[in-house]
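Open your viewer and get the selection tool ready. We will take a short walk, one selection at a time.

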Amino acid sequence: ELMYATRAMFSQQPQDLVVVAGQPVTLPCTIPGYHGVVLWIKDGLALGVGRDLSGYPRYTVIGDHGSGEHHLRIQRVELMDDAVFECQAVQAAMRSRPARLTVLVPPEDPVISGGPVVSLRAGDPLNLTCHADNAKPAASIIWIRNGEVLNGAMYSKTLLRDGRRESTVSTLYLSPSNIETGQQIICKASNKAVPNGKETSVTIDIQHLPLVNLSVEPQPVLEGNLVKFHCSAKANPPVTLYRWAKGGSIIKEVSGDTYEVIVDHSFFTEPVSCEVTNPLGSTNISRNVDVYFGPRMAAEPQSLQVDLGSDAVFNCAWTGNPSLTIVWMKRGSGVVLSNENLLTLKSVRQEDAGKYVCRAVVPRVGAGEKEVSLTVNGPPTISSTQTQQALHGEKGQIKCFIRSTPPPDRIAWSWKETVLESGTSGRYTVETVTTEEGVISTLTMSNIVPADFQTIYNCTAWNSFGSDTEIIRLKEQGGSQGSTGSTFLFFKYVTVVFQIVIDSR
């Protein structure tokens, strides 16, 4: 045997090997011409005697014993097989070179936290964490989007209790501007055991408040026509509620994304709003309608009563669409006094009294007008024909027409030495009638005598602002009445006397 020992040589001995867990491996050991005991040593411990490795079910010694073949076969390598192996010829006191068996363990399938769909709110950054566990050596992790590797991920690894395997965690941060909804992001883990890597992916779901657009058709539109409001919304998660309002008041009978209604002028000033809600919140949008409508009175002008010499200011406001024009005129005159809401009459005179019209026109849509009156407070004004006619022997009348605001307090007729305000005195009767235009005072003589044609009659009216007097003469109907200078002087004298008489009363 010693002879064999001296001649014995290893023709094959185990080499360093790297193998992936789960694979089979054979460590060769051939000693031609040696017939003694062969031991396999793992990390300094004998695995068994000769070919009996009963303590290690996955280990067998294979080969032709007669030819000196003692190969160690390991089926399905495990992590515990990661060790230094030696083949020893005991009687020949020979040991093979130590062979390092390195077992590689692929990482478990990588997992992205929160997958397969990661939801976040618009404007928030994205933080993704991927872990690949129990690998030897530690897995390296890369992130891929659209075929491109994303840089800047944070990487950390932890050694497991067995002191061999490691777990890897990678965290990827993406700013809000760098992500889009629907994107797929891949986490790929690899080590020497799986050089092509294992991967998993997540889909990004960016959630946002409803994005809303409100359309109004048709526009512009004439009052009284049908208008359709359509509220189109993009929302993630989807829309759960539509609410409509007009001028801030809820329209209860509409709940969908469309509102149809016959419009009037109020839609021009009161906006219609559509509020769209999803689980994140609500978005509100509102629109006015360009409704064409004829003039509507916004501020109604009031009739005025002003003192003589004061200013009169009328205000008349209309709304209409498209924009309207305003015209102020005096009834019965074609002169435009103002094109503004305000009409100002400076220091009014008696002849400014009357009716004024404020007219508004919306081109091609309609017109409207409002009439007011101006009353001027001042002393009475008397307008009468200075010569009135009568027949001798008949009943005769002279009339005095008085315009007065405020109405006259007194009206008096005077002739010769007589003053009569009302009622009957001898042949004379005074009657006063009030009409819309003014007051008519009538002096009736029961039986005309020639002297009546020589008499000068005075009609005088008073109110709080003053008085007015008119001189009236009676003329014989059909006769010619010559007026001499002396008569005229007498006439003047009577007026002065009468004025003295009146003032002294």
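Which cysteine does a disulfide join to C130? Select C187: a disulfide joins C130 to C187, with 1.9 Å from S to S. The term is used here for a pair of cysteine sulfur atoms within 2.5 Å.

Before moving on, a word on what is on your screen. This is a predicted model, in which local features need pLDDT of at least 70 and side-chain atom pairs count only at pLDDT 80 or more, while totals for chains, interfaces and linings use all residues. Residues are numbered from 1 along each chain as its sequence is written, and side-chain values use heavy atoms, with hydrogens and water left out.

**Stop 1: the disulfides**

Stay with C130 and C187 and look along the S-S bond: the torsion there is about -80°, so this disulfide is left-handed. C130 lies in strand β12 (residues 126-135) and C187 in strand β17 (residues 184-191), so the bond ties together parts that are 57 residues apart in sequence. Strands are DSSP runs of E with at least two residues, helices are runs of H or I with at least four, and both are numbered from the N terminus. Both C130 and C187 are buried; buried means under 20% relative accessible area, exposed over 50%, and partly exposed in between, using a 1.4 Å probe and protein chains only.

Next, select C29 and C87, another disulfide, whose sulfur atoms are 1.9 Å apart. The torsion about its S-S bond is about -65°, so this link is left-handed. C29 sits in the loop between β2 (25-27) and β3 (38-42) and C87 in strand β7 (residues 83-89), so parts 58 residues apart in sequence are tied together.

Now pick C231 and C274, again a disulfide with sulfur atoms 1.9 Å apart. C231 is in strand β20 and C274 in strand β24 (residues 272-278), so this pair ties together parts 43 residues apart in sequence. How many disulfides does a search of the whole structure find? The search finds five.

**Stop 2: the aromatic rings**

Select F229 and F267. They form a stacked aromatic pair, 6.5 Å centre to centre with 25° between the planes. F229 belongs to strand β20 (residues 226-236) and F267 to helix α2 (residues 266-269), 38 residues apart. Rings of Phe, Tyr and Trp (its six-membered ring) pair if their centres lie within 6.5 Å; planes under 30 degrees apart count as stacked, over 60 as edge-to-face and the rest as tilted. F229 and F267 are both buried.

Move on to F268 and F293: their ring centres are 5.7 Å apart and their planes at 65°, so this pair is edge-to-face. Is F268 buried or partly exposed? At 30% relative accessibility, F268 counts as partly exposed, whereas F293 is buried at 4%.

**Stop 3: charges over rings**

Show K246, whose charged end sits over the ring of F267, 4.5 Å from its centre. Here NZ of Lys or CZ of Arg must be within 6 Å of the ring centre and within 35 degrees of the ring normal. Then select R410, whose charged end sits over the ring of W462, 4.3 Å from its centre.

**Stop 4: a buried asparagine**

Finish at N458, in strand β43 (residues 456-463). At 1% relative accessibility, N458 counts as buried. Select S414 too: the C-alpha atoms of N458 and S414 are separated by 5.1 Å, although the residues are 44 apart along the chain.
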